[in-house]
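Open the model in your viewer and keep the selection tool at hand. This tour goes from one selection to the next and says what to look for at each stop.

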Amino acid sequence: MGARDISFASFNLLNLQLPGDAIYGDTDGWDFDIFARKINFTRDVLLRQDADVIGLQELWAADALDQALVAGELEGDYTALVPPGHNGKSIVCAALVRNGMLVDDPEWIRDFPDEYVLKSGGDDPQQDFIEVNLSTFSRPVLHFKVQPAPRTPVIHVFVCHFKSRRPTQFWRESWYDKEVHGPHLNALGYAISTVRRTAEAAALRVLVTNLAKKTDTPVVVIGDMNDGKDSNTLNILSEQPTYLSPLSTGGGDNALYTAQTMQEYRSVRDVYYTHVFKGNRESLDHIMFSQEFYDNSKRRVWAFDEMVVENDHLNYDDHKESGSNDHGVIRVGFKWKPADGASV
């Protein structure tokens, strides 16, 4: 790749924790043999992806990530972004940035922005009042800036991990009555998880809008969003831009485009899945980008090159034995190719 080209990847580490340390309720954690396999798997993925920016989810221990870098002789190639003082007692979003690209210090955003409000009496007389009181991300969103070369714009990157689609387990709640609520655990649990994930998507969209609207600021969002390309979660984040024909020029000022759609246009079929559940292959992990990366935007600075999905390991449900992860790994490359008249 050229000096001003750039690539991004998303990699869910499936609970990368030091051996013997607790993972949620599993107080024993990984044994040493499985941990060694996880390090080898993580090392091999990082070497194959060879991306400039790698967004990471489900990291418990910074030392475990360091071991994977050392195993691949990559410790001199990347700067690891992990929350300062992180004690390994919870999962965090993290990242690897190729040395020389990071601009300023990263931040982990826990609180929803002030502009976020989900409260309404409804726009239909038949609707009741609704209010969602969530105010924090389940996993703080990582925000940092990179610059591939001195003559390129600075890119704002967000790494996120939204609430899973598994039904929330609320049977320990004080209000729970087994006879009343027990038959409805799944339905109510799925609804709670969906509300939380929707709120997180809306809060992150506010952060993106504050950067991208009426500006030429490049933005990339990387993450395990636990929802598909056409879901309400992704619709909120993307603002559902129109993908223009090759002869058109435009681009949405506040839009985010998905690498999945760009690759599908080139492949003329769906070529993308990052998760398997009950035999259903689905896309939960995404890389989204502002119009500065969109081929048909008049403000394009980088052009989409190709998306690669590493998912063969999903054919085997042996992740706790093999040390593999349970999500596909995606990589997207962009070529430096400013449109005529773009601001560079």
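The stops below cover one histidine, the nonpolar cores and some of the salt bridges.

This is a predicted model.

**Stop 1: His-286**

Select His-286, which sits in strand β14, residues 285-289. Is His-286 buried or exposed? Its relative accessibility is 1%, under the 20% limit, so His-286 counts as buried. Now show the polar contacts of its side chain. The side chain of His-286 reaches the backbone oxygen of Asp-227 at 2.8 Å. A polar atom of that side chain also lies 3.4 Å from the backbone oxygen of Ser-283. Next, display the residues that His-286 touches, leaving out those up to four places away in sequence; among them are Val-221, Ile-222, Met-225, Lys-229, Tyr-272 and Ile-330.

**Stop 2: Lys-229 and Glu-264**

From the contacts of His-286, move on to Lys-229. Lys-229 forms a salt bridge with Glu-264, with the closest N and O atoms 3.8 Å apart. Lys-229 is in the loop between β10 (219-224) and α5 (232-238), while Glu-264 is in helix α6 (residues 259-267), and the two are 35 residues apart. Glu-264 counts as buried, at 16% relative accessibility.

**Stop 3: the nonpolar cores**

Select Phe-8 and Phe-144. In the largest nonpolar core, which has 35 residues, these two touch the most other members. Around Phe-144, show its contacts beyond four places in sequence, including Val-53, Leu-81, Val-97, Pro-106, Ile-155 and His-156. A second, separate core has 30 residues, including Leu-13, Phe-35, Phe-41 and Val-92. In soluble globular proteins, nonpolar side chains tend to be buried together.

**Stop 4**

Select Lys-335 and Asp-5. They form a salt bridge whose closest N and O atoms are 3.7 Å apart. Lys-335 lies in strand β16 (residues 329-336) and Asp-5 in the segment before β1 (6-16), so the pair ties together parts 330 residues apart in sequence. Lys-335 counts as partly exposed, at 33% relative accessibility, whereas Asp-5 counts as buried, at 8%.

Finally, select Arg-98 and Asp-52, a salt bridge with its closest N and O atoms 2.6 Å apart. Arg-98 is in strand β4 (residues 92-98), and Asp-52 is in the loop between α1 (32-49) and β2 (53-59), 46 residues apart. Asp-52 has 7% relative accessibility and counts as buried.

Definitions and conventions. Residues numbered from 1 in each chain as written. Predicted model: local features only at pLDDT ≥ 70, side-chain atom pairs only at ≥ 80, totals over all residues. Heavy atoms only, no water. Helix = DSSP H or I, 4+ residues; strand = E, 2+ residues; numbered from the N terminus. Buried < 20%, exposed > 50% of the residue type's maximum accessible area, 1.4 Å probe, protein only. Polar contact = N/O pair within 3.5 Å; in protein donor to acceptor, adjacent residues only side chain to side chain. Contact = heavy atoms within 4.5 Å. Core = buried A, V, L, I, M, F, W, Y, C linked by side-chain atoms within 4.5 Å. Salt bridge = Lys/Arg side-chain N within 4 Å of Asp/Glu carboxyl O.
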